[in-house]
Amino acid sequence: MSNNNASSSLIIAQRAVKQLRLEASIRRIKVSQAAAELKQFCLQNASKDPLLMGVPSSDNPFRPPKSCSLF
Amino acid sequence: MCDQTFMAATFGPCDSCSKASPLMNIYIKSEAINYCSFCVEMMACQGLQKGETLATLKKESENLKKKLEEERGKLNDIELHQVAEKVEAVAALSLKTRRVLKGHGNKVLCVDWCKDKRRLVSSSQDGKVIVWDAFTLNKEHGVTLPCTWVMACAYAPSGCAVACGGLDNKCSVVPLSLDRNENLAAKKKSVAMHTNYVSGCSFTNSDMQLLTSSGDGTCALWDVESGQLLQSFHGHTADVLSLDLAPSETGNTFVSGGCDMKANVWDMRSGQNIQSFESHESDINCVKYYPSGDAFASASDDATCRFYDLRADREVAVYQKDSIIFGASSVDFSLSGRLLFTGYNDYTINVWDVLKGTRVSILLGHENRISRVRVSPDGTALCSASWDNSLRIEGTGPRGNPTHPAPQLHPPAHSGRSQSVPRADRIYSPSNKFLVFPWVFSQWEWLGKSSKGSALEPS
C-alpha cells in the first residue's frame, strides 16, 4: 500500500515537473509590445463597436418600439 | 541500513557482483537471493533513492516555478494602463435597459446568444430552458429538463439546436424544430457524461462537437452525433467553473477557469495544457477571450477581474475597486474589446475601460445577483441573466445622450477628502466614502447599520 502511494505521488510529481518544464520553455514577448498590440486592436475596431459608439435609432435593433397611429 | 556484523550462513559468489564473500540470505518478493553485504546495502540505498527522487523532483518543480516567475517578471517592462495613457477616455455610455425578459420561474443561471443576433437561450434553476426572440419578447421554445440547476446552456452555430447541462452530470443537445407543437424534450440527446455537475458548455465551430467543463475537474470534447469522448483535458485540481473557445476560425485552443484559482489554456487536439495563470485569490467563476484571441479576462470570487495576455504570458491588468467587495460572476467584452462588462453578486454590472483599467459605468436594475452577462454577436446589446428570474437586454441610444453618467462614487485616491458634491437622491455614509443604493440592502447591512440578516451575504 505504501508503495502505491509512493509511486503515485512520484508520478504526480513527475507530471508536475514535466508540465512546468513545458510552460517554462514557451516563447514570450514583452508586455510593452503585447499592450501596444491590444491598444491597436481596440482603436482599430472602436468605430465598429455599437456599445462604445452608440448607434442612431434607425439602426438600433433594440430601439423602443414605436407605435403607428392610424388616422 | 548499516553495515552490521552478521552470521554468514553461506560463503560464495554474490548474485549481483559475483565476488566471493560472505553472503546474506534474504528474500526479495519471496525470491531467495544471496547477496554480499555491500550489494545488500546498494539495494537498500536504491529504495532510498526513490525517496530522494521524489524530493529532487519537488525541488526541481520549486525551482522551475521560481524560474517561471522570473521569466515572466523580466517582460513586465510597462503596465497596460501606462501604454494607454494617451488614448482618449471612453465617452459616457448611453446604455439603457431595452428589454426585460420575464418568464422563468426561478433563478436564471446561464444565457447564450444565437448567431442571428436576435435569439437567446437561457436556463434556470428549475430545469427550464427557454429560447427567446429578443426583439419581440416571444418565447419560441421551452424545454423542461428532469434535473434542477441547469448551469450551462449554449446555442449551436447553425441555430438549429441548443445544448444544456447541469446537476444531472450530463450535457444534452436538443434540436429546435420549427413545429411549435412538437415535444422537444423527447428529442433531447445526452452527449456528455461527467462524474460531477456540468458547469459550462460550448459548441466548437460546428454543430458537431461540444466542449464541456465539469465539477469533476476536467473538460472534455465530445462528438455530438455519437456521444463519443474525443479528448479530455486534465490538469485542474478542483471544479472547473467556466470555459471559453478562442475566437478565431482556425483556433483550436480554449481557456478554462476553476475553483483551484487557476486559468488554463488548452490545445484541443492534443489535450495538452499550454499555459497556466495563477494570480487570483479565490475561485475563478468565468473566463472570456478578448476579441482578437490574444488575451482573456477572468472574473473571480475575490471581487476582482483580471486581464491576461497570452503572448506575454502574464496578467496585464486588474479591475478592482475598494468599494467592490462582492465576487464577480461573469465577464464579457464589447465588440472592439475596449469595454469589459462584469456582473457581480451585489446585483450590479460594472463596465470597465479595458485599456485604462478604470470603471466607466455601473448598470443597475437587477434585484438579485448577476449570473451571466453576454454581448450579442453584432455588439449592439448586452444581455444579463440574474437570480431575480429575469433577463435584461441593455442597448445603446444615439451618441451624446448619456443616461448612465459615470458616477463619482468615492474620493480620488490621492486626496483624503471627498471632492465630489453629494447628490440629493443618494445616501452617503458618514465618512463620505461609501455610497449606498437605497434598494440594495446588502450594502446597507455591510456598513453595520442594520441588524437583520447576515452582514455580508445578500439575502
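1. Q228(B) touches L221(B), W222(B) and D223(B) once residues up to four places away in sequence are left out, where contact means heavy atoms within 4.5 Å. Q228(B) has its place in the loop between β15 (218-223) and β16 (229-234) of chain B, strands being DSSP runs (E, at least two residues) and helices likewise (H or I, at least four residues), both numbered from the N terminus. From C-alpha to C-alpha, Q228(B) and A192(B) are 8.1 Å apart in space, although 36 residues apart in sequence.

2. A word on conventions: this is a predicted model, in which local features need pLDDT of at least 70 and side-chain atom pairs count only at pLDDT 80 or more, while totals for chains, interfaces and linings use all residues. Residues are numbered from 1 along each chain as its sequence is written, chains are lettered from A and ligands numbered from 1 in the order in which they are written, and side-chain values use heavy atoms, with hydrogens and water left out.

3. Chain A has three helices and zero strands, and along its sequence the pattern reads α-α-α. Of its 71 residues, 32% are buried, a word that here means under 20% relative accessible area, with exposed meaning over 50% and partly exposed the range in between (1.4 Å probe, protein chains only). The accessible surface of chain A comes to about 4,900 Å², and 56% of that belongs to carbon and sulfur atoms; such areas come from the Shrake-Rupley method with a 1.4 Å probe, and for residues only the protein chains shown count as cover.

4. Chain B contains three helices and 33 strands, and 51% of its 459 residues count as buried. It exposes about 21,200 Å², of which carbon and sulfur atoms supply 51%. Among the contacts in chain B with a separation of 6 or more, 43% come from residues 24 or more positions apart.

5. The contact between the chains takes 44 residues from chain A and 62 residues from chain B. The area buried between chain A and chain B is about 4,700 Å², with 70% given by carbon and sulfur atoms; buried area is the accessible area (1.4 Å probe) that two parts lose on being put together, summed over both. Between chain A and chain B, 11 residue pairs are in polar contact, both residues being at pLDDT 80 or more; a polar contact is a pair of N or O atoms within 3.5 Å, and within protein one must be able to donate a hydrogen and the other to accept it, while residues adjacent in sequence count only if both atoms are side-chain atoms. On the side of chain A that touches chain B, the elements giving two or more residues are α1 (2-24), α2 (31-45) and α3 (50-53) of chain A, and α2(A) gives the most, with 12 residues. By class, that side of chain A has 26 nonpolar, eight polar and 10 charged residues, where Ala, Val, Leu, Ile, Met, Phe, Trp, Tyr, Cys and Pro count as nonpolar, Asp, Glu, Lys and Arg as charged, and the others, Gly among them, as polar.

6. Three salt bridges are found across the interface of chain A and chain B, a salt bridge being a side-chain nitrogen of Lys or Arg within 4 Å of a carboxyl oxygen of Asp or Glu. In one salt bridge, the side chains of R311(B) and E37(A) meet at 2.5 Å, N to O.

7. R28(A), found in the loop between α1 and α2 of chain A, is buried, with a relative accessible area of 15%. Its side chain makes a polar contact with the side chain of D313(B) at 2.7 Å, and a polar atom of that R28(A) side chain lies 2.9 Å from the backbone oxygen of E23(A). Leaving aside neighbours within four places in sequence, the residues in contact with R28(A) include L68(B), E71(B), R72(B) and L75(B).

8. Within chain B, R306(B) counts as buried at 8% relative accessibility and forms salt bridges with D302(B), at 3.6 Å between the closest N and O atoms, and with E315(B), at 3.1 Å. D302(B) is buried, at 16%, whereas E315(B) counts as partly exposed, at 23%.

9. D353(B) forms a salt bridge with R338(B), the closest N and O atoms being 2.7 Å apart. D353(B) lies in strand β27 (residues 349-353) and R338(B) in the loop between β25 (328-333) and β26 (339-344) of chain B, so the pair ties together parts that are 15 residues apart in sequence. Both D353(B) and R338(B) are buried.
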